[in-house]
Amino acid sequence: MILCGVAITGFTVSVTCDIVTRLLRSPWLWLQEVTMTFFIYGVFIGTAAATRRNDHLYLAAVTESMSGRKRLALETFSRLVVLGVAFCLVWFGYLNVLDGFKSLRMPSMTPLASLYAGIPLCGALVALFTIEQLVNGWKNGFEARVT
Amino acid sequence: MSYGFLIFLMAFLFLLLGYLGVPVAFAIIASVLVVTAFTPVSLASMMTQLFNGMDIEALLAVPFFLLVGELMTSANVTTRMIALSQALIGHVRGGLAQVVTLFSMFFAGVSGSSAADVAVLSRSIGPDMKREGYDPGFIAALIACAATMANLIPPSIMAVVYGATGNVSIGGLFLAGVVPGLLVGIGLMVYSHFFGPVGIKKKRASFGELSAAARGASLPLVIPVIIMGGILTGWFTPTEAGVAAVVYILLVCIPAINRGYFRRLPHDLAMTGLLYSIPLITIAAASAFGWMLAYLRGPAAVSGWIASVAGNDPVLIMLLLVGLFIIVGDFIDAIPAIIIFMPIILDLTQNASINPVHMGVVIVLTLAFGLITPPYGICLLMASKFTGVRFGRALRASLPIYVVFLGAILFCIYVPEAVLWLPKQFLPQSVGCFKNPSGDGYICP
């Protein structure tokens with residue numbers, strides 16, 4: 001959560017500086033890179049935080065009306081799907097990062113891999129939080145979760 | 001496996017996982033990854049598609065418009081706008097119902113988020129309406145319907161996403177959204193007046209009370225001027241206009257209205273940081289879904305079918321697309337729907353020579369309608385939850401109000417001149433007008 005706040009503060013400040021330096025007729029071109037870095041890392045970290053807090057968008061809250069083993073099974077199933085996706089994000093995201101060293105961001109010439117790295121990072125955090133939810137859910141029941 | 005089967009499998013898996021309780025973004029990514037495994041496309045390259053979905057500068061506007069709404073609500077600045085709405089219209093029949101609609105129109109001008117609007121109204125006016133004897137189902141239905149205007153009256157997050165992914169002028173979409181937004185607002189007011197509960201008759205606000213309320217609300221009401229003024233004069237892009245509005249609230253509005261709020265600012269920044277990531281990861285996932293759909297030639301098949309039925313008739317094409325989006329909007333969120341179906345929209349827009357801004361407004365209006373239709377009417381779900389009413393009861397109360405939306409959609413389809421009038425006046429290039437080479441003014445197709 002704190003990192004989400006840091007990210008949004010970061011790109012708010014950098015866009016503000018971008019406007020000010022442009023109005024002063026000496027724009028700092030690298031600010032746009034800083035902005036996108038904060039923005040993209042903010043999305044990935046926020047996604048992980050939202051997973052931990054069950055804040056994501058849902059099509060239906062079918063499990064909330066259930067209880068007992070049926071609910072346990074469905075809640076476990078949905079988290080296993082999330083866990084599967086998270087592992088894909090880590091592994092294929094890592095392969096993508098390796099590929100990202102071949103491309104550079106302008107004007108700083110930083111490898112694009114620096115941005116792509118957000119994907120496996122997000123996957124790792126989502127996996128971690130999902131395992132935490134599974135363990136807590138199996139121990140205390142999913143009904144007791146804080147939403 | 002045939003492409004048609006893979007498209008069916010991808011859509012089926014997404015809906016199945018989504019309705020089994022997997023978060024939308026992860027349900028989309030899972031369905032895309034499964035289908036990708038049956039194609040020659042590498043799974044690692046799908047990560048690039050995920051990344052590309054959010055690496056769009058215009059999408060930066062989304063967190064800023066969310067932050068504006070969060071700051072305004074949390075710092076209690078919105079109470080002044082509610083007071084102004086009450087002073088202006090609280091005395092007419094169904095006074096509080098009219099206040100809900102008028103306030104939503106004001107709030108839509110400062111925030112692009114329907115969810116924020118539902119939260120503010122349910123907490124502030126909802127309890128007063130209950131005390132005055134309004135039917136709880138009607139309260140939830142009206143709040144949900146009025147909140148959809150946030151997606152029409154600028155700044156609209158849906159318009160930002162549509163413009164950013166469809167390469168359509170966001171400023172043009174903002175301006176073109178005003179007429180349908182007002183149509184829906186006026187429609188809701190007319191409905192509340194003639195068919196809604198009467199409420200408690202109040203006396204008309206005196207000129208002194210009205211001017212005091214207007215003075216109180218004057219600072220927040222400058223925000224739409226900053227946003228639209230900045231965009232129209234070319235000073236700001238929509239993203240920068242969002243930042244300018246945030247800076248204005250932090251440096252002018254809050255110090256003048258609620259200085260003590262600053263203690264809560266770090267919490268609200270963190271909360272908004274979390275909130276913006278939710279639609280944006282869904283946008284990224286939907287973008288990968290849309291890419292795979294295009295790879296499997298889904299858009300060509302659907303647009304081919306629509307073109308075979310409608311030919312090049314723009315009205316018929318729009319009606320079919322509206323039908324498609326009403327069904328789609330019932331099942332999935334508006335933002336992924338825009339991105340997934342964008343290739344189809346672009347194809348049909350081009351083939352039938354429809355103005356992209358006109359098409360954008362019709363699609364956004366249809367998807368805004370989807371926010372109040374079951375089973376995935378997110379505004380209606382939120383409003384019924386916040387006001388403590390069963391969803392079915394809120395749904396029954398909202399059914400007659402659907403006429404307002406359907407009327408507005410048909411009006412926008414059949415009268416493009418009305419929709420495009422504002423962009424033509426203030427941002428002619430956005431709707432394809434070009435400078436007259438032999439004099440002043442613009443030539444519009």
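Helices (H or I, at least four residues) and strands (E, at least two) are DSSP runs, numbered from the N terminus.

I noted the basis of the work: this is a predicted model, in which local features need pLDDT of at least 70 and side-chain atom pairs count only at pLDDT 80 or more, while totals for chains, interfaces and linings use all residues. Residues are numbered from 1 along each chain as its sequence is written, chains are lettered from A and ligands numbered from 1 in the order in which they are written, and side-chain values use heavy atoms, with hydrogens and water left out.

I then looked up the surroundings of B:M129. Leaving aside neighbours within four places in sequence, B:M129 is in contact (heavy atoms within 4.5 Å) with B:L96, B:A97, B:V100, B:Y134, B:F138, B:I139 and B:L142.

For chain A I checked pLDDT, the predictor's confidence in each residue, from 0 to 100. The average for chain A is 87, and 93% of the residues score at least 70.

I next searched for salt bridges, each a side-chain nitrogen of Lys or Arg within 4 Å of a carboxyl oxygen of Asp or Glu. The count over all chains comes to 10.

I recorded one between A:E75 and A:R71, at 3.1 Å from N to O. These two residues lie four apart in helix 3 (residues 68–100) of chain A, which means that about one helical turn separates them. Both A:E75 and A:R71 are buried, where buried means under 20% relative accessible area, exposed over 50%, and partly exposed in between (1.4 Å probe, protein chains only). A:R71, A:E75 and A:R79 are linked in a network of salt bridges.

I found another between A:R53 and A:D55, whose closest N and O atoms are 2.8 Å apart. A:R53 is partly exposed at 32%, and A:D55 is partly exposed at 25%.

My last entry is the pair A:K102 and A:D99, at 2.9 Å from N to O. A:K102 is exposed at 69%, whereas A:D99 is partly exposed at 39%.
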